[in-house]
Structure formats: structure tokens, C-alpha cells
Amino acid sequence: MKIRLGIIGIGNMGSGHARNVLQGRCPEIELVAAADVNPQRLEWAKKELTDKAVYFDDAIAMLDSGLIDACLVSVPHYDHTRYAIECMKRGIHVMVEKPAGVYTKQVREMNEEAARHPEVVFGMMFNQRTNCVYRKLRELVHSGEYGRIRRTNWIITNWYRPQAYYDSGDWRATWSGEGGGVLLNQCPHQLDLWQWICGMPVKVHAHLHFGKWHDIEVEDDVTAYVEYENGATGVFVTTTGDADGSNRLEIQMDKAKMVVEDDQLFVEVLDTPEPEFSKTNTSPFGSVGKKVLEVETDGENPQHIGVLNAWAGAILRGEPLVAHGSEGINGLTLSNAMHLSAFLGTEVTLPLDEDRYYDELMKRIATSRRKAGSQAVFADTSDTYSGTK
């Protein structure tokens with residue numbers, strides 16, 4: 001039995017998912033339908049993807065057609081929750097591209113609808129969770145063997161985007177069209193991994209620069225400081241303005257330092273946990289001995305294909321998802337909190353004041369400038385999402 005898949009939105013990401021299915025990389029899924037509001041994109045899909053699928057210019061018509069069992073939502077951010085909810089109401093399994101939505105109030109509504117439809121398999125396209133390096137890191141952190149987290153730092157500045165990227169669609173990098181910048185477009189992966197591995201903080205204080213490196217109205221440069229319930233601290237730095245950026249996650253624990261960089265995991269284990277050493281050591285300049293831990297992973301990093309195949313397994317056999325759709329609210333909470341902190345110029349505590357964030361976002365939407373008349377430019381994104389980037 002194959003799952004009959006429909007895709008809403010066949011732009012850059014939607015067409016990439018379609019190709020993976022059509023090329024047989026998801027053997028339990030067949031593409032039978034797709035919907036897009038752009039007639040030119042539909043014609044392109046018929047010629048370049050497949051002429052065997054049924055194409056719709058209205059997503060709801062596709063959902064009501066009876067042709068599909070499952071749907072992948074790959075549209076601009078504001079419509080993620082809308083179409084996911086429409087799928088759930090019809091008993092259609094749904095996979096949502098990141099981010100889960102633009103603001104947590106709408107995502108909470110989506111999650112509440114999902115809870116009313118336990119028969120629907122609801123997934124989130126957090127493909128970086130399939131990376132063996134991050135999976136192993138999470139296993140080590142959660143093992144309890146290395147004590148508590150003391151400090152986390154993630155510098156993720158290799159999301160470089162030139163001005164042409166932002167000019168490729170009138171919705172990009174606007175409050176009304178996209179709802180945010182680097183935090184909402186590129187960094188949902190890292191924000192999700194950060195909380196998946198390290199947990200959610202309780203305080204956020206962020207400094208955001210809006211249109212610092214590009215002619216855009218949303219953030220393209222971010223430095224955020226967080227505090228966790230156990231007193232640990234963290235820093236998150238990102239931008240789309242560094243032409244030669246970095247991607248380094250560092251986690252300092254009581255008995256180890258763990259680093260992911262260049263798609264490799266490095267672990268240094270202390271001979272004695274720091275709290276114990278500090279209490280018993282008698283040398284004013286004493287230092288703890290350490291050794292490098294040889295870390296083995298399973299070497300697997302299937303990315304989007306892995307997420308879709310796990311989703312198929314969940315639908316057909318009840319197997320685990322890579323990420324349940326309800327988890328999408330966590331990374332978005334961090335994004336919203338960073339935005340709100342910057343909007344207000346102050347520290348923000350979690351749980352997030354969702355109404356306050358929504359009000360502040362609406363103020364910016366009211367004065368948002370869409371790039372009238374610009375034509376969407378589509379590109380092959382397969383090379384840009386193959387690794388940790």
C-alpha cells in the first residue's frame with residue numbers, strides 16, 4: 001500500500017519534496033496531486049515534475065477531492081497553520097514545513113485542533129533532527145552521565161543570503177508576508193535543535209538589527225542571551241549578512257564539553273566533575289584533567305527524505321515520527337521571545353506573553369511594505385539543506 005500524497009505549494013521546497021517522492025526515495029509515498037495559486041508554477045510542475053498528478057489552483061479543492069490520504073504543507077509561513085487545520089478537519093495526515101507558524105497563538109490553535117484528531121498523523125519538517133551528529137549529542141546530554149548543563153553557545157552565521165534572495169518574492173523579509181527574518185526563515189532548525197537538546201530557557205534578552213545588512217524590514221542580525229531554570233546560561237548568534245560564516249554549537253556540562261562544528265561531534269570529558277574538583281582541589285591554579293572521548297554515530301543523515309519516510313511509517317504502521325507537529329511551538333516560542341525582547345528593549349520571561357507578542361507583530365504588519373510587482377524567482381534548494389546548514 002502506498003500513501004497518496006498531495007502537496008500545497010510547489011515552490012522551492014515543495015518541488016524539492018516532490019522530486020524526492022517521484023525519484024523513488026520515499027517508496028511508500030506516491031505523489032498524486034499538488035496545489036498552487038500560481039498558474040505558471042502549475043504549468044511548470046506538469047512539464048518538469050510529472051504529468052500524472054492532478055493539479056489544483058485551490059488547495060481546499062484538492063483537500064476535498066478525495067484523491068489524497070496525506071498532505072505536505074509548503075507555503076509562506078502565515079498559511080502553515082491554516083492549511084494544517086483544514087487537513088486535520090478532513091482526517092488527512094499532514095506534514096508541515098518549518099516554521100510551525102509565525103506566532104505561537106496560531107500554532108497553539110493548530111496543536112489544539114490536532115489533539116481533537118488523534119487519528120491524523122501530524123509531523124513537522126525538522127529534518128536536522130535526522131542528523132546523526134545532533135542525535136548523538138542529544139543522547140549524551142540526556143544520559144545523565146555528564147551532570148547538568150552549565151552553558152550553551154550557538155553561533156550560526158553561515159546562513160548567508162545576498163540581496164537577490166530577498167528580492168526573489170514580494171512576501172520575503174516583510175512583516176506582512178513572512179513575519180520575520182533569519183529567526184523565522186533560516187533558524188527554525190537550530191532553534192528547534194537547541195531546545196530539543198538543551199531544553200527551554202526561562203528568560204530571554206535579545207538584540208536584533210532590522211535590515212542591517214540588506215534592504216529588508218525584518219531582522220538579519222541577532223544576538224540573544226538566555227537563562228535556564230537550573231541557572232545555566234546560553235547565547236545564540238545568527239545573521240544572513242556574513243559571507244563566510246560559522247556554525248558551532250558548544251555545550252559545557254559539569255563533566256564534559258561537547259562541540260559540534262563542521263558536521264563533527266567533539267567531546268572532552270573531565271576526570272572529575274567541576275563542582276567536585278572545585279571543592280576538593282587545594283591548588284590556587286589547579287585545573288581538571290581531561291580526555292577526548294571517541295564518539296561513534298550511526299553515520300546516517302537522511303534529512304528531508306528521512307522525515308518523510310518516518311512519517312509514512314507512522315501512518316502505515318504507527319512507527320515514531322522524527323518530530324511530532326505539536327513540537328513546532330517550542331522553537332517558535334524562542335523566536336517570538338527574541339523578537340518581543342527586541343521590540344520592547346527588555347528581558348522576556350517564559351512562558352511567553354503571547355497576546356503581547358501578537359499585538360506588537362500586528363503593529364509592524366500594519367506598516368509593512370510589500371515589494372509590489374516583484375516576480376517570484378524559484379531555485380533548486382537541494383544543495384543548501386544537505387548538511388547542518
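Here are some notes on the fold, going from the sheet to the helices and then the cores.

1. A word on the model before anything else. This is a predicted model, with local features needing pLDDT of at least 70 and side-chain atom pairs counting only at pLDDT 80 or more, while totals for chains, interfaces and linings use all residues. Residues are numbered from 1 along each chain as its sequence is written, and side-chain values use heavy atoms, with hydrogens and water left out.

2. Strands here are DSSP E runs of at least two residues and helices are H or I runs of at least four, numbered from the N terminus; two strands pair if DSSP finds at least two bridges between them.

3. Now some of the pairings. Three bridges link strand 2 (residues 29-35) to strand 3 in the parallel sense, and alanine 34 has tyrosine 55 of strand 3 as its bridge partner. Strand 1 and strand 4 are parallel over four bridges, with glycine 6 partnered by cysteine 71 in strand 4. Strand 4 is also joined to strand 5 by four bridges, again running parallel, and valine 73 stands opposite valine 96 there.

4. Strand 4 is covered on both faces: Ala70 and Leu72 on one side, Cys71 and Val73 on the other, are all buried. Buried means under 20% relative accessible area, exposed means over 50%, and partly exposed is in between (1.4 Å probe, protein chains only). In a regular strand the side chains alternate between the two faces of the sheet.

5. Helix 1 (residues 12-22) is mostly covered, with eight of its 11 residues buried, among them Met13, His17 and Val21. Its cover includes strand 1, strand 2, helix 2 (39-48), strand 4 and helix 11. After helix 1 comes glycine 24, which has a positive phi near 80°.

6. Helix 4 (residues 80-89) and helix 5 (residues 104-115) pack at about 10°, axes 10 Å apart, so helix 4 is roughly parallel to helix 5. Axes are lines fitted to C-alpha atoms, for helices over the stretch in contact, with angles from 0 to 180 degrees between N-to-C directions; under 35 degrees counts as roughly parallel. The contact (heavy atoms within 4.5 Å) includes Ile85 and Met88 of helix 4 and Val107 and Met110 of helix 5.

7. On to the cores, meaning sets of buried Ala, Val, Leu, Ile, Met, Phe, Trp, Tyr and Cys residues joined through side-chain atoms within 4.5 Å. Of the 89 residues in the largest nonpolar core, Trp194, Ile197, Phe236 and Met338 touch the most other members. Helix 12 (residues 328-344) supplies the largest share, seven residues. A second, separate core of 26 residues includes Ile3, Ile7, Leu31 and Ala312.

8. Last, valine 235 in strand 10 (residues 233-239). Valine 235 is partly exposed, at 27% relative accessible area. Valine 235 sits 81 residues from tryptophan 154 in sequence, yet their C-alpha atoms are 6.3 Å apart.

Terms used:
Angles under 35 degrees count as roughly parallel, over 145 as roughly antiparallel, 65 to 115 as roughly perpendicular and the rest as oblique.
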